[in-house]
Amino acid sequence: MFNPPPEIFENPRDSYHNPWIFGILIIVVIFIFIIMYSVESQSKFLTDPFLQAPTKNSVQVVWFTEFPGQRNLVFYGENLTQVVEANTTKLSRTREDQDSFVGKQIEKGLIYQQPMMRDIWRHEAKVIDLIPNNSVPYQVISEQENGENISSKIFSLAPKPTADQPLKILLTSDHQLKPMTSANLQKVTETFDKLDAVFFAGDLVNIPDRSSEWFDDNRGNAFFPNLQGRANYELEKNGEKTIYQGGELIQNMPLFPAIGNHEVMGIFSMESSLNDQFSQPYPLEVVKNLSSQNTENINSETWLKNNSFNTDTYQEIFTFPENNSEKKNYYAVTFGDVRLVVLYITNIWRSPSLEDDARGKYRERKKDFDNPAEWGYGQHIFEPIIKGSEQYNWLEKELASQEFQEAKYKVVMFHHPPHSLGENAIPAYTNPIQYIDRDKNGKITMIRYEYPQQNDYIIRDVLPLLESAGVQLVFYGHSHLWNRFVSPSGMHFLETSNVGNSYGAYIGDKKRTVPLNYQEKYAEVGNPNGLEPIIPSIAPLRDENGKALPYIASNDITVFSIFETETGTVSSYYFDTRKPNSEVVKFDEFQLQKKD
């Protein structure tokens, strides 16, 4: 309870006899109490509420706490007179470990020496009977076990917008608690007073089972704080420190995510670090083959997940549209004039290193040659998209649907780049082919992986399908840079993932690490799939010779893109974090054309 300073009431008779002073004191006390109560209340929520899966007359409201709550309620409508109770579930795999930055653990292993389960509860309520294109206020309240109620601030919600409703949509990806993300999202909200949705092309965090990366990393830039304007991240550039708060976005608009490689967790263990578990996913068929003698385990879905890979935490955090796939990792939704198709196109990222100690995309570690249980199996794909696969067939059906055909704008979003100047443009997006070389005595001398370019599933199977269906925009991430391309038929490709950092553009003298003596040829520079990058149309960055660059790949300049449906325009903006008082610069713009 708030206790006012004693000196306020040292001469109570003076205060009582001066109503102006007494009134002012009361107002000050009440104001301080409200501020302190608000801060205390908000600190007990892990997140503000955020919006998911809108329909024509409803939307889901979701928030997280570290207690189950006696009751968890959403109040909404004029004067917040309507109420709906939330359904509460507990996340099943969220943990902290020695590499977490959480609470008082400010350096590795200070508190945790191995993974520990962390109890986190998710509350979700469906708000119904909403009117399209009409926003209403809402607030969430959770009642703790001691009877204390804690409440959020008041935000606004709405169902899906109707066709012809002008929208502004943020296109973003690859946040991963990277240094510039908080600045990026703060500049988004400073530049645009109102947005209507967030399309997120994967890699939301780094380690999906590490709770603090989603909720409360003590460095101040966890996933939800960044997207809710509650971040507190100090960015230092040229000796100058600036605090960024991110942007208040998803409390008032829906978030539509795609799954990236950083949403896929590897093997499960309560002993090895979460980083190690993340980096050790195994193909399902390999796990089944290695454990073929234990048929009881093979038939256990949980056992298979724990020994291969899973997306459970991602699936438990988010709510997807009702027409989603059974596995929840690909879906389609109509939002205003936009039909958004979200695919599960990602694989495990592995190092391009060719050294003996590399469990990489092109080879196994030398010390593991005789131990298949430690092989990485190259850059293997998590969910098939090859022609004839379940996901491919689902995509074919979606592209033929009435909802898709009638949409003014047809957008497809996934994580892996079909066209890019980034490092992740190679090797081809195909199942790795394993080659085992042996000496004359049968001893393994090399285990290598090849990726035939002609077998790239995105280029060979997916893009022709999208072209023939009239898709106007393919939006993706993964390589942490901005670049865009246009196919001969006019289908646009946009990678706008230079949000929190960059790993560079491979063009000119900057070359990718590739094997030179393998059967396949791997592109050291440029886009391996043929299309030439487009020079930004308004204000491109320039090299030291004044030549316009067809990309932004910077650890000082952060980029975001906005899709405006009223004009069909996709605009990209950059902000130079070395100049914290500088303006955001609009550097590129292109328009989506309706295809016959």
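In which sense, parallel or antiparallel, do β18 and strand β19 (residues 409-413) pair, and over how many bridges? The pairing is parallel and runs over 5 bridges.

The views show a predicted model, in which local features need pLDDT of at least 70 and side-chain atom pairs count only at pLDDT 80 or more, while totals for chains, interfaces and linings use all residues. Residues are numbered from 1 along each chain as its sequence is written, and side-chain values use heavy atoms, with hydrogens and water left out.

View A. Strands are DSSP runs (E, at least two residues) numbered from the N terminus, and two strands pair if DSSP finds at least two bridges between them.

**View B. The hairpin of β17 and β18.** Strand β17 (residues 331-335) runs antiparallel to β18 and is joined to it by 5 bridges, with Tyr331 opposite Val342 in β18. The hairpin has 2 residues between the strands, and Gly336 takes a positive phi near 65 degrees.

**View D. The setting of Ile111.** Ile111 lies in the loop between β6 (95-96) and β7 (116-117), and counts as partly exposed because its relative accessibility is 45%.

Conventions:
Helix = DSSP H or I, 4+ residues; strand = E, 2+ residues; numbered from the N terminus. Buried < 20%, exposed > 50% of the residue type's maximum accessible area, 1.4 Å probe, protein only.
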